[in-house]
Amino acid sequence: MTPVCATAASAPLRTTHSALRTAWKRGGGFISGLRCLPEESAIAIVHDASTTAVMMATPSDLEDFAIGFSLSEGVIDAIEDIRSIEVVQGDLGVEVRVWLVAGKGQRLAKRRRRLAGPTGCGLCGVDSLVEAVRPPRPLPPDEMKVEAEALIAAMDALAEAQTLGRETRAVHAAGVWTSAEGLLAVREDVGRHNALDKLIGARARAGAMGGVVLLTSRVSVEMVQKAAVMGATILCAVSAPTALALRTAEAAGMTLVAVARSDGFEVFSHPDRVVFS
């Protein structure tokens, strides 16, 4: 079941802004012109009329963001726990109002988080250390195998699909890819956690989880936690993981591939899923 989503906004939310700037080039002097910048807005995620989190994010794909955040933070177990979503634009930011089915708000009352952090900060305001480093559920064993060359091609496809990134050079992207279907979905945001939450929400709405998760960012522990919620057994990123992220991926049974470039990558955990020709 896909939630009924209504956007109560007088105008479409802007995702970019053209700013006048002066560029200096060595040996070439100064050049005046415009630079396309990504918008950054305060996004309040509200469950049953009570604010759960306030994040600085790109004001796009906000229904996906709210669904993915609700899943990855354990507010809900499945998309069917959401009755409806409403996006309401205000003077200071945007409220994404999520209404849960009867009885689902009790868990939220016991585990309330209030976040008011910097861009894409996934841990600011966590109310316990245990919650911050919670282990993900072990991923079920699978037979997934990915050719090394195909994984590099998948990362190249992610770069090509970054519309907002190409315009601004200032946002992160998260994508999901399978060897059978290629790049299935991409979401972008000024915050790397937000981009992944948007991707989780998009895939939940499509009724299809799993696949290889691709990231344009470094891999911190919360990125592994969120990818595990999506059922991804392979996570591939352009930058290196933290030590805690690696330990978490190992414990979850996730193949962690990082420092992915056009000429190769590094495999840090469960390497049996990557096939080298």
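Leaving aside neighbours within four places in sequence, Thr168 is in contact with Thr16, Arg35, Cys36, Leu37 and Pro38, where contact means heavy atoms within 4.5 Å. This is a predicted model, so local features need pLDDT of at least 70 and side-chain atom pairs count only at pLDDT 80 or more, while totals for chains, interfaces and linings use all residues. Residues are numbered from 1 along each chain as its sequence is written, and side-chain values use heavy atoms, with hydrogens and water left out.

**More on Thr168**

- Thr168 is found in helix α5, residues 163-168; helices (H or I, at least four residues) and strands (E, at least two) are DSSP runs, numbered from the N terminus.
- With a relative accessible area of 5%, Thr168 is buried; the cut-offs are under 20% for buried, over 50% for exposed and in between for partly exposed, using a 1.4 Å probe and protein chains only.
- The Thr168 side chain also reaches the backbone oxygen of Leu164, at 2.9 Å.

**Helix α1 and its partner α6**

- Two packed helices are described by the angle between their axes and the distance between the axes.
- For α1 (residues 62-72) and α6 (residues 192-206), the axes come within 6 Å and cross at roughly 95 degrees; axes are lines fitted to C-alpha atoms, for helices over the stretch in contact, and angles run from 0 to 180 degrees between N-to-C directions.
- That makes α1 and α6 roughly perpendicular to each other, on a scale where under 35 degrees is roughly parallel, over 145 roughly antiparallel, 65 to 115 roughly perpendicular and the rest oblique.
- On the α1 side, the residues that meet α6 include Phe65, Ile67, Gly68 and Phe69, and their partners in α6 include Asn194, Ile200, Gly201 and Ala204.
- By class, the contact of α1 with α6 has 7 nonpolar, 4 polar and 5 charged residues; Ala, Val, Leu, Ile, Met, Phe, Trp, Tyr, Cys and Pro count as nonpolar, Asp, Glu, Lys and Arg as charged, and the others, Gly among them, as polar.
- As for cover, 11 of the 11 residues of α1 are buried, and the charged Glu63 and Asp64 are among them.
- After α1 comes Gly74, with a positive phi near 75 degrees.

**Nonpolar cores**

- The largest nonpolar core has 47 residues, and those with the most contacts inside it are Leu196, Leu215, Val219, Leu235 and Met254; such a core is a set of buried Ala, Val, Leu, Ile, Met, Phe, Trp, Tyr and Cys residues joined through side-chain atoms within 4.5 Å.
- Helix α1 gives the most to this core, with 6 residues.
- Another core lies apart from it, with 18 residues, among them Val212, Val257, Ala260 and Val274.
- Not counting residues up to four places away in sequence, Leu215 touches a set that includes Met155, Leu158, Leu196, Met223 and Leu235.

- Gly93 is found in strand β7, residues 93-100, and touches Ala42 and Val88 once residues up to four places away in sequence are set aside.
- The C-alpha atoms of Gly93 and Val54 are separated by 9.8 Å, with the two residues 39 apart along the chain.
- Asp48 is found in the loop between β4 (41-47) and β5 (50-57), and has a positive phi near 50 degrees despite being a residue other than glycine.
- At 32% relative accessibility, Asp48 counts as partly exposed.
- His270, in the loop between β14 (264-269) and β15 (274-275), is not a glycine but has a positive phi of about 45 degrees.
- His270 counts as partly exposed, at 29% relative accessibility.

Terms used:
Polar contact = N/O pair within 3.5 Å; in protein donor to acceptor, adjacent residues only side chain to side chain.
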